[in-house]
Amino acid sequence: MFPFLVSWYPDNASSKCIMHFIQEANSLEFARFDYGWDANEEIYGSITPPSLNLTEITAPVALYWSANDYLASTRDVANLADLLPNVVYNFQIEDDDFNHFDYISGIDAKSLVYDEVIRFMELHR
């Protein structure tokens, strides 16, 4: 199954989006896209991209995460929850084997995630 999945994942993500994720993972911070020194200077007025201040996000945020997600570790989610000022819901999926691929293709995604998302949304219309 894994070879099949990786043959079309991340089909819905642009190469720029993937590069930005890699930049953030390497720098360990949330920042605008790094185009390189010259383009950054032209776009941002600085050779480095500006950091994003997550404390300025005021919209209510619901976090859904799993302990086995190799792209968003438990520590990363906890740090994100601490930085965001308006986390209204912080839900850990109750399956120790649930991983990043499972959000889209997991057999139990409906019962473990989607039903909970719908329930939460209906409570907060």
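Mentor: Two strands pair if DSSP finds at least two bridges between them. Keep that in mind as we look at this predicted model.

Trainee: Thanks! How many bridges join strand S1 to strand S2?

Mentor: Five bridges link S1 (residues 61–65) with S2 (residues 87–92), so the two strands pass the cut-off of at least two and count as a pair. They run parallel. For one example of a bridge, find Trp65: its partner in S2 is Gln92.

Trainee: What do S1, helix H4 and S2 make together?

Mentor: They make a right-handed β-α-β unit, with H4 spanning residues 74–83.

Trainee: Let me try Asn40 next. Is Asn40 buried or exposed?

Mentor: Buried means under 20% relative accessible area. Asn40 has 0%, so Asn40 is buried. You will find Asn40 in helix H3, which covers residues 37–44.

Trainee: Which backbone atom does the side chain of Asn40 reach?

Mentor: The backbone nitrogen of Tyr35, at 2.8 Å. If you set aside neighbours within four places in sequence, the residues in contact with Asn40 include Phe33, Asp34 and Tyr35, along with Gly45, Ser46 and Ile47. Thr48 and Pro49 are also in contact with Asn40.

Terms used: Residues numbered from 1 in each chain as written. Predicted model: local features only at pLDDT ≥ 70, side-chain atom pairs only at ≥ 80, totals over all residues. Heavy atoms only, no water. Helix = DSSP H or I, 4+ residues; strand = E, 2+ residues; numbered from the N terminus. Buried < 20%, exposed > 50% of the residue type's maximum accessible area, 1.4 Å probe, protein only. Polar contact = N/O pair within 3.5 Å; in protein donor to acceptor, adjacent residues only side chain to side chain. Contact = heavy atoms within 4.5 Å. Right-handed = clockwise from strand over helix to strand, strands pointing away.
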